[in-house]
Amino acid sequence: MSKTWARRGHTPVVEVCGKGSGRVSIAGLVCLKPGQRGRLMWRTRLHRGRRGERGSFSEDDYIAFLDQAHQRLHAPILLIWDNLNTHVSHRMHALIAARPWLTVIRLPAYAPDLNPTEGIWRWMKRGLTNTAARGVDHLAQLVKRRLRACQQQTDLLAGFLASTGMTLEPEPPR
């Protein structure tokens, strides 16, 4: 929710000129390991709305991001993923199968409350409230600044996981 002010009886109007200027897509990973601080890895992609330009991340973009995360983390990855069409495509299934270090668990069809990255997106967007970007490049700058701030607050990452009800600790035997 955002707020603004104006004189009584005068509806506030904020003029923007961003129509058709493009958008910013973000892919993110909340990386968690028991006993260690969480990490946030992310990539942005600018879409300028040009003819023939893809409007979102492709399977190749996602798998390159996962390959890079694997190299940085020096560990196998257990990926808990939503059902975005690119995540469940036949091409993505083949790319995942070629990576023995990658295990994918799918979330139910619509379950943003089980996805810790959804908490990051909400937090990031809340920090951009009442900000008028001058264009898609400026918006990308603002998004990156906000995501870097999140990376520095690793307790936030643990909170985003806790808000899902999931835990890193195995349940004790009964």
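The lining of the largest pocket comprises 32 nonpolar, 11 polar and 7 charged residues. In this classification Ala, Val, Leu, Ile, Met, Phe, Trp, Tyr, Cys and Pro are nonpolar, Asp, Glu, Lys and Arg are charged, and the others, Gly among them, are polar. The model is a predicted one, in which local features need pLDDT of at least 70, side-chain atom pairs count only at pLDDT 80 or more, and totals for chains, interfaces and linings use all residues. Residues are numbered from 1 along each chain as its sequence is written, and side-chain values use heavy atoms, with hydrogens and water left out.

The space in this largest pocket amounts to about 1500 Å³. Of its 50 lining residues, Gly28, Leu29, Val30, Leu79 and Thr117 are the closest to the centre. A pocket is defined on a 1 Å grid over the protein atoms alone, as an open set of points where a 1.4 Å probe fits, with protein on both sides within 12 Å along at least five of seven lines; lining residues have an atom within 4 Å of a point. Grid points are joined across faces, edges and corners, and the volume is the space filled by probe spheres set on the points. Strand S1 (23-31) gives the most to the lining, with 9 residues. At least two lining residues each come from S1, helix H1 (59-73), S3, helix H3 (116-128) and helix H4 (136-152).

The chain as a whole contains 5 helices and 4 strands. These elements are DSSP runs numbered from the N terminus, helices being H or I with at least four residues and strands E with at least two. Their order from the N terminus is β-β-α-β-α-β-α-α-α. Along the principal axes, the C-alpha atoms fill a box of roughly 65 × 45 × 30 Å. Of the contacts (heavy atoms within 4.5 Å) with a separation of 6 or more, 64% join residues 24 or more positions apart.

Strand S3 (residues 77-81) also belongs to a parallel pairing with strand S4 (residues 102-106), which runs over 5 bridges; strands pair if DSSP finds at least two bridges between them. Within this pairing, Ile77 stands opposite Leu102 in S4. Together with helix H2 (residues 90-97), S3 and S4 form a right-handed β-α-β unit. Right-handed here means that, with the strands pointing away from the viewer, the path from the first strand over the helix to the second runs clockwise.

Thr86 is placed in the loop between S3 and H2. This residue counts as buried because its relative accessibility is 5%, the term buried being applied under 20% relative accessible area, exposed over 50% and partly exposed in between (1.4 Å probe, protein chains only). Leaving aside residues up to four places away in sequence, Thr86 touches Arg54, Phe57, Ser58, Glu59, Tyr62 and Met92. In the chain of 174 residues, 32% are buried.

Other loops hold exposed residues. Gly35, in the loop between S1 and strand S2 (39-47), counts as exposed because its relative accessibility is 84%. Its C-alpha atom is separated by 19 Å from that of His70, 35 residues apart along the chain.

Most residues other than glycine have a negative phi. His74, in the loop between H1 and S3, has a positive phi near 55°, and is exposed at a relative accessible area of 71%. Asn130 lies in the loop between H3 and H4; its phi is positive at about 65°, and its 57% relative accessibility makes it exposed.
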